[in-house]
Amino acid sequence: MPDVNFIVDGQKLTAPAGTLLIDACKSAGIEIPAFCYYPGLSLQAACRMCVVRIEKQPKLATACTTTVAEGMVVHTENPEIAQARKATLQLLLGNHPLDCPVCDAGGECELQDMTFKYGAADSFYAEPKNHREEQKWSPVVYFDRPRCILCYRCVRMCGEGMDVFALGIQNRGSSSVIAPNVPAQLSPENIPNLDCEQCGMCIDACPVGALTSGTYRYKTRPWEMNHVATVCTHCGDGCKTTLGVRSVANGSEIVRGDNRDKSGINGDFLCNKGRYAFDFANNIERLTSPLMRKDGKLKPVSWEEALTFAGTRLRELRDQRGPQSIGVIGSNRLTNEENYLLQKFARSVIGTNNIDHHRTADFVTLAAALRGSSKRFASQHCVEKAPALLVIGGDPTTQAPLTAWNLRTNVRNKNARLYIANHADIKLRRQAKAAVTLDFAGYGAFADYLAGDDSTANAASPDTDALAKFRDALRAEEKLIIVLGNEVRGSTIARLVDTFPTSKFALLSDYVNSRGAADMGVMPDVLPGYQLVGAHAFVEEYKSPETPGLNLVEMFDAALARELAALYVVGSNPVARYNVDPATLANTFLIVQDLFLTETALLADVVFPASNLYEKSGSVTNSYGDVQLVSKAADKSGTRSDFELIVRLADKFGHEIKQLVPFGKGLRADMGQTRGAQSGEADRHSVWLTANNLEPKLSPFDPFAILDEIQRLVPGYDKLLRLQLLSGNDQHIAPSAGDLVQIANRNDLVLPSHDTLFTSGSLTRFSPQLQDVQRHQSREVADHLAAD
Amino acid sequence: MPKLVSHPDEVKVISRRFGTGAADIEKYIAQDGYKAVQMALENGPAWIIDTMKASGLRGRGGAGFPTGMKWSFVPKESAKPKYVLVNGDESEPGTCKDHVIFLHDPHAVIEGTMIAGLAIGAKMGFIYLRGEYRYLLNIVEKAVADAYAKGFLGKNIFGKEGVDFDIVTQTGAGAYEVGEESALMESLEGKRGVPRIKPPFPAVVGLYGGPTVINNAETIAAAPHILLMGGEAYAKLGSERNGGTRLFGISGHVERPGVYELPMGYSLRKAIYDVAGGIKDGKQLKAVVPGGSSCPVLKADEIDVGLDFDQMAKAGTMLGSGGIVVLDETVSIVEFALRTIRFYQHESCGWCIPCREGTDWLKKTLTRFHAGGGNKKDIDNIQYLAENMMGRTFCPLGDAAAMPTLGFIKKFRSEFEEYLEGKRVDHPLIQIQPIGEPDTIGAAH
């Protein structure tokens, strides 16, 4: 589109023809108020707040529906416009309950802000307001009709944004009301009800307090919280969630989650888990004291006793039965720094490659296939912007909701061409330009077929005609962003990478740092950065063995054969996940670090109460390789970060701490401090010092102390800019060394977690909100039109 | 059922077949029926549009947009199908002209629809009837079926190879708002009857996204007559820039209420005093609402004005839909204002804030005022509300509610003040009786 010149409030502006006046003004720093306008959603022109005066037009025009034109002269603020806006506000406030002192939105309300600006405080109606009782539509969505200004943002957000269409409008005129999709007569409580994805996007979009969240309402005032932006723990998309935190007697608790400033990789978006499933952190069952098995029972003991016992026993066993008799299991939910530290602990302190974690995607094969071409790792931003995308396997709607949101938005607003190949009838097919149904086990054959092997058509898909057309359509695309579900593994990945040499790839995984755990080498056969065990730099650095260790399954086999003397499990619940017989570990000394007494922790000899991702700082890497900082939001007395616990265990093991964590000129005495070092304050301070050519003084518990080493040794991470991280930005990295050796015939051991929108592994049962929503959804009328 | 009325000053063009049983296709054909469409078939789109332009016909729905020009806006080439849409959602209080056309001469609407279709290159037309006119649906549907049976509709109409035209009828669900053209399209597509953002205008993106001509039923019904008599001849019947005749529904306190066809520019005073027989029972005229309830009121001394779009605009009101409501001296303007706003409050679709909330507060305030609970400030508030609705709403419904209200307050302010002082007799609102299905028509559901 060619640029046009126009004048707004005396300022000469230029914008591409076709730009909406409201957007053009926003870009120039001229804010035009609006309730119904919401970027990316369809236009309404219903609230009439964005009226402006355009010269030579008879009436005030709505800036949200006017496109800029050459020579247009616009006035956005004058007495006439102010009066029009004021009158509209007066009309709204006439029926508004004005219960701002108790309203959740008080202080964060667009109606308040505009009333403040235009001074529509006088009321001249003597008649009663139209009142309706509030309604609970679901455990997370409440509706207060009197506060609603009918801007229809929620309706559009649900329909256009989420593709759920659970909200609509009933009645007309002043009786108009937003209504959910399950009418009263079909709902168990005889009130209208929501059968939907429970994402809370309607609440987020609501400019007033008409839609409020069941987990937050009437709990606090927005100005009484600290707002800490961090990364959601529940899936591999890496959404920023801003946690509202309030001080309580035993630390500080999270009161709400949202995406307040829309500044994250997720922009407007958060799903149910990102918004509400922080509540596991406040669960009463959280462990707050170390436990030791005494007389067959786990009993609370002091930190000193537990650490000393665990460290010395581990040392004894290592010395008596050798390092190869000890296993370590890391986690998808630990930070990069913690996972790195843990594998270093295994390799350098214990001296074994017996380290693994619950793998949810085959990142090793992808890294190997893309070796030397780091530009072919797709970022989450590619999904947002690319003109052509192919999704093979997976169900982003439930597994990676942000990916699904970006795909939908890209198709809706930028006419992206989306291709779907899947064995299931996933919801994203509704946005697809073309979709093909694959055989359940046909992904490999499909990759071969795409590569040109026509003999595999029948094995790939029951509909070979559709398959042929699908391949033709893909071949017509110059380049694609190819997103792979975790059904796609091993040689299939490699085949696809070869078939589409100009395309970028991403692999969906299940938790916040699944990718980070793989990048950090929490696996028995690869080192950080997918380098083969025995890589030169690490042999120097770690003095670790040069042969691969036991993987997770082999560790339990070894335990059963009484060959595993000790197992150190950090932030993971393999006993439940892999359905391990408890008797397997009867002869293994088991140390577990976790939030709760999980099935694995119940079998332990020593249990350390750990803090969760929302209570620590560090960095995480999402499925796409976008690295972000997590910040300490909440605090729970009686817990310590996994980073600190690993360091302290190594100390009690008798290892030289400075060799494990190079914390510069810090003193061993710094081990005295615990909580402060994780707060992120030290991180920020050290960056400032470094930027000013001063030596930072780090504590051994400061994750940034190890980030130096990660940046030095892990390919891709060397490109990270710390100031970018600290600014809350995401940075895309491609951890692929140029000289990476192809790993052949490797057992990928991927075990998808099959989480739904309302589950998150072992955390599910500790989140009352997730439990409530699951109950709610299961009671809803089956197959109601909204959810899949 | 209103009886057919007649007056020597009438110029019968559209109404010439009224009362002749022309709903019967044979009787319609016997009175030059379906001749115009065959002329249109022979002479082609350019001729049709030129004739329509020459006729000076302006939209009879109320806005008065030149019909020939509207038809010429439709792009010749279109990837999507084009449509003709007949707006028979006549819902403005005081307006009952389309009703008599559907009742007495449905084939004129069908023939007009086909002519519009030929003019713009559409193969399909829709006749959208007001929901409350459901009892007319059988008449219209029978007429459509008869036209199909004769081969006038369907494939190869009038035996002309490759020329197809279909007509579908549809009724609304009872919403004044869908008289607005884009809301009507939403309704016809099966959605909530709320208006669309313009531009794009229907001529470019209309029904189902296709270029669409949407005209009032009377406008469409005039088309066959115009083609038969010639554009210039039709234009000459009316006044300057206001071609032809139109149907005026004169109601209220007159001796002979009814629908009369008068030339454009005819005197409003004569329409009331001669054509409709003057004020009932020898009473004095108080006010006239000249073009349906949305038009600003005229006082008794303001009725020396010609009934066409331009002269009425000059007089500070509108010709509107041609529904002239005559009020005698006994009418309480307070009550009349309340009755008017009750209608608009009930019919506001609720889409935009000024109309949804404004009509509601106007109704609430006027209700209390009428019940005797008013005060002086209320009069100012009513004016303030109406002034702040004017020109601020999404569609013209907000203006339609605000304009008459402002008219009442400005021209009869003293009456509001007297009402407060108790000088006027307060009489309770007369309950409006719902109009039942007239059994004289014999058109059962």
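Leaving aside neighbours within four places in sequence, B:Ala271 is in contact (C-beta atoms, placed from the backbone, within 7 Å) with B:Phe248, B:Ile250, B:Leu262, B:Tyr266, B:Ala276, B:Leu307 and B:Ile324. The model is predicted, so local features need pLDDT of at least 70 and side-chain atom pairs count only at pLDDT 80 or more, while totals for chains, interfaces and linings use all residues. Residues are numbered from 1 along each chain as its sequence is written, and chains are lettered from A in the order in which they are written.

B:Ala271 is also among the residues with the most contacts inside the largest nonpolar core, together with A:Cys202, A:Leu389 and B:Ile115, and this core has 382 residues. Helix H5 of chain B gives the most to this core, with 9 residues. Such a core is a set of buried Ala, Val, Leu, Ile, Met, Phe, Trp, Tyr and Cys residues joined through C-beta atoms within 7 Å, where buried means that 20 or more other C-beta atoms lie within 10 Å of a residue's own.

Helix H4 of chain B (residues 97-104) has 8 of its 8 residues buried, so this helix is largely enclosed by the rest of the structure. What covers the buried residues of H4(B) includes the following elements of chain B.

| Element of chain B | Residues |
|---|---|
| Strand E1 | 83-88 |
| Helix H5 | 106-120 |
| Helix H6 | 134-149 |
| Helix H8 | 217-229 |
| Strand E5 | 245-252 |
| Strand E6 | 258-263 |

Helices (H or I, at least four residues) and strands (E, at least two) are DSSP runs, numbered from the N terminus.

Conventions
A residue is buried if 20 or more other C-beta atoms lie within 10 Å of its own, exposed if 12 or fewer, and partly exposed in between; C-beta atoms are placed from the backbone. Two residues are in contact if their C-beta atoms, placed from the backbone, lie within 7 Å.
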